[in-house]
Amino acid sequence: MKKLIVLFLAISFFSCKKEEVYGPFNLKNGQEVELLVDHRYGSDKDLLLKLPEKELAGASITGFDQREIGYTYHVKAKFHHDDNPPQDASSYSFIFTKIVSKEQYKGTESFDIQLITSYVPGGPVIRLSKTGNDYYFIPDKLQLTYANSTVQSQLEEIYQNALEVRANWQKGQLPKWKAIKATVTHDPQKFGKAYLLQQIQFIP
């Protein structure tokens with residue numbers, strides 16, 4: 001009888017033991033949550049928000065291959081905690097499961113993107129490529145058009161420096177600038193395919 005009581009108490013203890021929770025929202029591994037995905041793809045304001053709080057989720061979402069530039073999404077995703085994350089990476093992320101709603105952004109508000117990104121390891125990289133006469137922030141996905149000839153000339157200057165850096169990467173050549181901030185809007189002529197550059201700010 002005593003053994004049965006001990007066994008019962010042990011089972012009760014383990015069944016009542018609280019499951020581990022992680023992150024600022026105290027989420028369980030595998031718990032489904034709702035997130036708000038921004039329309040400003042790849043920008044400084046490309047923020048992932050946890051719903052219904054509308055607070056920063058603090059991690060990235062993976063597997064959301066259906067995402068289109070210029071659309072705001074309400075999605076469901078599963079929380080994932082990694083006990084041994086890669087160096088300099090977050091210990092948790094969200095895995096996309098389902099689109100709840102999708103809405104095209106119809107405003108004209110400008111926002112910023114960074115044309116130099118620093119990676120660890122690897123150092124600073126100029127995020128600009130060119131195909132024919134077209135400039136791209138993300139090759140074959142997100143074009144950069146320009147509002148005037150001044151911005152066009154600046155883009156070409158950045159691209160030429162990018163070519164120099166890529167040709168001399170083994171020598172450790174760095175970009176001419178510490179940072180390049182580009183102010184953009186969604187290009188109405190190529191919505192979802194291009195950002196229209198309004199101005200570029202170089203930070204030496």
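Which side chain meets that of Lys45 in a salt bridge? In this predicted model, the partner is Glu109, with an N to O distance of 3.9 Å. The two ends of this pair come from distant parts of the chain, 64 residues apart. Lys45 sits in the loop between S3 and S4, while Glu109 belongs to the loop between S8 and strand S9, which covers residues 111-114. Lys45 counts as partly exposed, at 38% relative accessibility, and Glu109 is partly exposed too, at 41%.

Side chains of opposite charge can pair when their charged atoms come close. Another one joins Asp46 and Arg67, whose side chains meet at 2.8 Å, N to O. Asp46 has a relative accessible area of 26%, so it counts as partly exposed. Arg67, on the other hand, comes out at 15% and therefore counts as buried, the cut-off being under 20%.

A further salt bridge brings together Arg40 and Asp38, with 2.7 Å from N to O. Are these two residues buried or exposed? Arg40 is buried, at 13% relative accessibility, and Asp38 is buried as well, at 12%.

Two serines are worth a look next. Ser43 lies in the loop between strand S3 (32-37) and strand S4 (48-51). Its relative accessible area is 9%, so Ser43 is buried. And what does Ser43 touch, once residues up to four places away in sequence are set aside? The list is Phe111, Asp112 and Ile113. Ser93, by contrast, is found in a strand, namely S8, which runs over residues 92-104. Ser93 is buried because its relative accessible area is 16%, and the limit for that label is under 20%. Leaving out neighbours within four places in sequence, Ser93 is in contact with Ala59 and Ser60, and also with Lys78, Phe79 and His80.

Most residues other than glycine have a negative phi, and most peptide bonds are trans. Where does the model have a cis peptide bond? One joins Leu51 and Pro52, with omega at about 5°. Pro52 itself is in the loop between S4 and strand S5, which spans residues 55-56.

As for phi, Asn26 is not a glycine, yet its phi is positive, at about 55°. Asn26 is placed in the loop between strand S1 (21-22) and strand S2 (27-28). Asp140 also has a positive phi, near 60°, and it is likewise a residue other than glycine. This aspartate is found in the loop between strand S13 (134-138) and strand S14 (142-146). Why does Asp140 count as exposed? Its relative accessible area is 74%, and the label exposed applies over 50%, so Asp140 qualifies.

Conventions
Residues are numbered from 1 along each chain as its sequence is written. This is a predicted model: local features need pLDDT of at least 70, side-chain atom pairs count only at pLDDT 80 or more; totals for chains, interfaces and linings use all residues. Side-chain values use heavy atoms; hydrogens and water are left out. Helices (H or I, at least four residues) and strands (E, at least two) are DSSP runs, numbered from the N terminus. Buried means under 20% relative accessible area, exposed over 50%, partly exposed in between (1.4 Å probe, protein chains only). Contact means heavy atoms within 4.5 Å. A salt bridge is a side-chain nitrogen of Lys or Arg within 4 Å of a carboxyl oxygen of Asp or Glu.
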